[in-house]
Structure formats: structure tokens, C-alpha cells
Amino acid sequence: MLFARIWHLVRGTKRQPTSALMLRAQRLRDEGRYRRAAGLVDEALVHDPKSVVGHLLAASLHMVLRETGQARTSFERVLALEPTQPRALLGLARVELEDGETSACCALLNRALARYPDFPEARALLEVARGLLITADTKRDTTSNGTAHADRLRLPAESREALFMRADATVIVAEPHGPRTDAVTARAVKLATVATAMLGRAGLGPLRHAVIEGAAETTYLRRDDAALLTLSFDRDVKCTTALGHLERVWRRCRSELA
């Protein structure tokens, strides 16, 4: 960014006003052209590095592009300029929640609500975060009363990874099981909890199915109030095939848990 500013001064060419660049970036974002929008925001911030709107827009684009480290930096720049900016506090709280820092998430949301009490998104996320804290405390005080055996579940040969867990993130089946299994399980439960809260507020009921597309694989999720199952497949596996496997394994999982 500093190099771009120096180069602009050396060339002496006239650039578009910052406000015009921001408006174009917002239009591109709305059209789903996120990389191009991010480039325009960077250009605008060269000319106005203290723009709260610019850093907020940059942060939102980084979140969409799953660049959470850069999103964190942009949110922190906003808060350095305006320490009680509610949108920045909410955005940073979401980053903290994704990173597993639930207590830090709650603290940021409380700050946002102190500035703007009528902030439904912050209040909804705070409910989710508090629920996760309670779940974590409950899990530390309890142990699993039963497990399912992977061989009896007859997991599909095409699946790259299978996770079956209780609603409190207690692992029942993990194939393969590795050092990151607990972290992946906790993330899956957190995702389902946040999605259920959002769907509930929209009047759509709790999350029951989800399809999560990654760079190399697609994960299919099945859930009820007691348990959650995820199966991951290579992206070339047909959706209908994967969903058929998901439903068959889900029935066996629930039977084992019962």
C-alpha cells in the first residue's frame, strides 16, 4: 500500500475519488466479484488510510474470501480509529469464535451492545457464544455413556472422513482419528449451533442438513437435537450418491446411539 502511494505521487496522475472507488467496490461485492472489489478497496485505502468505511468493507471481503487473518487485521484497524465501532466489534467477535476464543468473542459482543443495545446480530451471536461456553463446561463435567463401533456403521468406501458426535461435541466415531479430531468436531458443532441460531431467528427452524464445499472435498452434514454426523467426499462424488450414503449411515448411527 505504501509503495502504491509513492508510485502515485511519482507519476502525478489523477485517480478516482475515494468515495467513487468505494461505491464501485460495493457494487462488485454485491455482484459476487469479491477479488476485484477487494482490489478497489485497497486502492481507495491508499488515498484514505483512515477510512473506517474502507477498512470495514475490506474486512467483510476478507471474511467472504475466508481470509480470517487479514479480516482480523482490518477489523482491528477500524477499532484503532473508532474503538466502539459496533460492526467492527461484531466482525472481530466472529473471528474469535471461529478461532475457538469464545470468551473473547463474548467480551467483544458485550462492548458492541454497550454502544448499540438494539443490535440483533450481536445479541444473537452472544446467545450462541454463551451456549457454547455452557456446553464446554458441561462436557468437562460429564463422560460419554456409550460409543458406536465404526465397523457396524458400514461407512462408505468413498468417504474421506466420517465424524459422528453428540450435541456437546463428544466424539463417538471418527474415521480416521487423529490429533485434530477434537478440534474438527468442536468446529462442526459450533457451525451447526450458529447456523441453527440464524435459521431460528429467520423462522426456518433448526439446522438438519447442510452441504459444505471445500477446495478439495465436499462435506455433508446431518443433525438432530442429540447428535451430528458429517461425511466428507472428493468433489467428483455425485451429490445424490453422497446424500444416499449420508442417510444410510445416519440411520445406523442413531440406532447405535439409541
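In which sense do strand E1 and strand E2 pair, and over how many bridges? In this predicted model, E1 (residues 159–166) and E2 (residues 171–175) pair in the antiparallel sense. The pairing runs over 4 bridges. Met 165 has Val 171, in E2, as its bridge partner. The hairpin of E1 and E2 has 4 residues between the strands. Within this hairpin, Ala 169 takes a positive phi near 75 degrees.

A helix pair was examined next. Helix H6 spans residues 86–98, and helix H7 spans residues 102–115. Their axes lie 8 Å apart, and the helices pack at an angle of about 165 degrees. Angles over 145 degrees count as roughly antiparallel, and H6 and H7 are therefore roughly antiparallel to each other. Their crossing is left-handed. On the H6 side, the contact is made by Pro 86, Leu 89, Leu 90, Leu 92, Ala 93, Glu 96 and Leu 97. These residues meet Thr 102, Ala 104, Cys 105, Leu 108, Leu 109, Arg 111, Ala 112 and Arg 115 in H7. The residues of this contact comprise 11 nonpolar, 1 polar and 3 charged.

Aromatic rings were also searched for. The whole structure holds 3 aromatic pairs. One of them joins Tyr 220 and Phe 233, with ring centres 5.9 Å apart. The ring planes of Tyr 220 and Phe 233 stand at 70 degrees, so the pair is edge-to-face. Tyr 220 lies in strand E4 (residues 217–223), whereas Phe 233 lies in strand E5 (residues 227–234). The pair therefore ties together parts that are 13 residues apart in sequence.

Definitions and conventions: Residues are numbered from 1 along each chain as its sequence is written. This is a predicted model: local features need pLDDT of at least 70, side-chain atom pairs count only at pLDDT 80 or more; totals for chains, interfaces and linings use all residues. Side-chain values use heavy atoms; hydrogens and water are left out. Axes are lines fitted to C-alpha atoms, for helices over the stretch in contact, and angles run from 0 to 180 degrees between N-to-C directions. Helices (H or I, at least four residues) and strands (E, at least two) are DSSP runs, numbered from the N terminus. Angles under 35 degrees count as roughly parallel, over 145 as roughly antiparallel, 65 to 115 as roughly perpendicular and the rest as oblique. A crossing is left-handed if the near helix is turned anticlockwise from the far one by less than a right angle, and right-handed if clockwise. Contact means heavy atoms within 4.5 Å. Ala, Val, Leu, Ile, Met, Phe, Trp, Tyr, Cys and Pro count as nonpolar, Asp, Glu, Lys and Arg as charged, and the others, Gly among them, as polar. Two strands pair if DSSP finds at least two bridges between them. Rings of Phe, Tyr and Trp (its six-membered ring) pair if their centres lie within 6.5 Å; planes under 30 degrees apart count as stacked, over 60 as edge-to-face and the rest as tilted.
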